[in-house]
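Q: Could you take a close look at the aromatic pairs in this structure and walk me through them?

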Amino acid sequence: MQSTLEKYDKLIVAILVIVASVIGVGYWFAEEKSEPVYKSKIDKLMFDKDNKAPKFILTLPDKLTPEKTKIDAFVDDVRETQVKKEIEENPDFSLEDLLAAVPNIFNLPAKNPTQQLKYISLDENLYEIDEKGVILPKIATDGRKPWSEYGNSVDTQPNFKKVAIVIAGMGFNQFSVTKVAEAFDSEVSVSFTPYTPKPETAILAAREKGHETYMDLLLSSRDFSKEDSGPLSITTDLTKDEAVARFHKTIATKAPIGGIVVDDGLVVPENSHIIKELLTETKQRGLLVIDASNEKIIDDLQVDGLARRKADIVISKDMVKHEVEELLQKAENIAFNKGQVLIVAAPKPVTILAIYNWINTFSPQISYEEAKKVEISKPFALVPVSNLVVE
């Protein structure tokens, strides 16, 4: 047993060493070919030859303690899968077996759409072009709103609990968008980062498979030293005009979106009036708000007539497999107690796979009369997120 586990640990170390070596060699060659001549070794490391802006930022660990590192978390994720059992039972466990056990969404099978949306592309009555030529959502003259028109309503059996899921932060990898859109039921909704390289392509790919589509509204990072939420985030030092400009860039697409998913981040009392201004404009443009933040300040901001829904469960990108599974169990309890639950999850492979497998445990929907004759263990029905939203 011990030798087998040691073999497994050595495989992990070997993989990490090989990957680090390849990245290091490639980076060295790239730097050797592209760097100018520097005045000193310090200049070469930190500055350009004219001593302008820093070229590199070195980030050191918060504490030199034996706390869990990202590598440790990765190993934990792998060990919590079927790998550990296979290693114990199979002395010939190979490197190929190990790689096959690493969470990989590209192995998910494609399925036919379970629903079709009313609109795949933009309705000409539901957008306007501003003075800068930017396309922005708007309420139609007949009162139709993007959040309902671009959404979808599905019927569920009365004895089944509604489960809405939003995979947020999508868009950096178009192939990942395609795989998620093909693998998940159409009732699962998708939200895209405003930094998506080709947002129209990504949004349309999801909508063609029946998924409701949204955009992430990024807040200021809680820890600036570790993470920067980027030039489109609503930071705490913005003026109202600057915040509105970033908001417009976030929602400006040539493809339909039903609203925004407010990412977790920092909001302070001093800029709460600016957040309220953005929520008010969201309402005026006929969009809905899905609040996936942990900010009570946002909860307390009242905007009459705004379509909004607070996420019951938020699965962050930092969570490992067992944490995700614990939250999905908590989601079941909420659904049983309240009749519905909203989950917003980051697109981490281990999370996507856990959600995919969890959905497959749902009992097939049957009528109330039929349910009297059989035992239903998980009476959950997937619904688009717009089905849980009221104005």
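**Aromatic pairs**

A: Phe336, Trp358, Phe362 and Phe380 are linked into a cluster by ring pairs. Rings of Phe, Tyr and Trp (its six-membered ring) pair if their centres lie within 6.5 Å, and planes under 30 degrees apart count as stacked, over 60 as edge-to-face and the rest as tilted. A quick note on the source: this is a predicted model, where local features need pLDDT of at least 70 and side-chain atom pairs count only at pLDDT 80 or more, while totals for chains, interfaces and linings use all residues. Residues are numbered from 1 along each chain as its sequence is written, and side-chain values use heavy atoms, with hydrogens and water left out.

The structure holds six aromatic pairs. Take Tyr119 and Tyr150: their ring centres sit 5.9 Å apart with the planes at 90°, so this pair is edge-to-face. It links distant parts of the chain, 31 residues apart, with Tyr119 in the loop between α5 (95–101) and β1 (127–129) and Tyr150 in the loop between α6 (146–149) and β3 (161–170). Here helices (H or I, at least four residues) and strands (E, at least two) are DSSP runs, numbered from the N terminus.

Phe362 lies in the loop between α13 (349–359) and α14 (368–371), and Phe380 in strand β11 (residues 380–382), so the pair ties together parts 18 residues apart in sequence. Phe362 and Phe380 are both buried.

Key: Buried means under 20% relative accessible area, exposed over 50%, partly exposed in between (1.4 Å probe, protein chains only).
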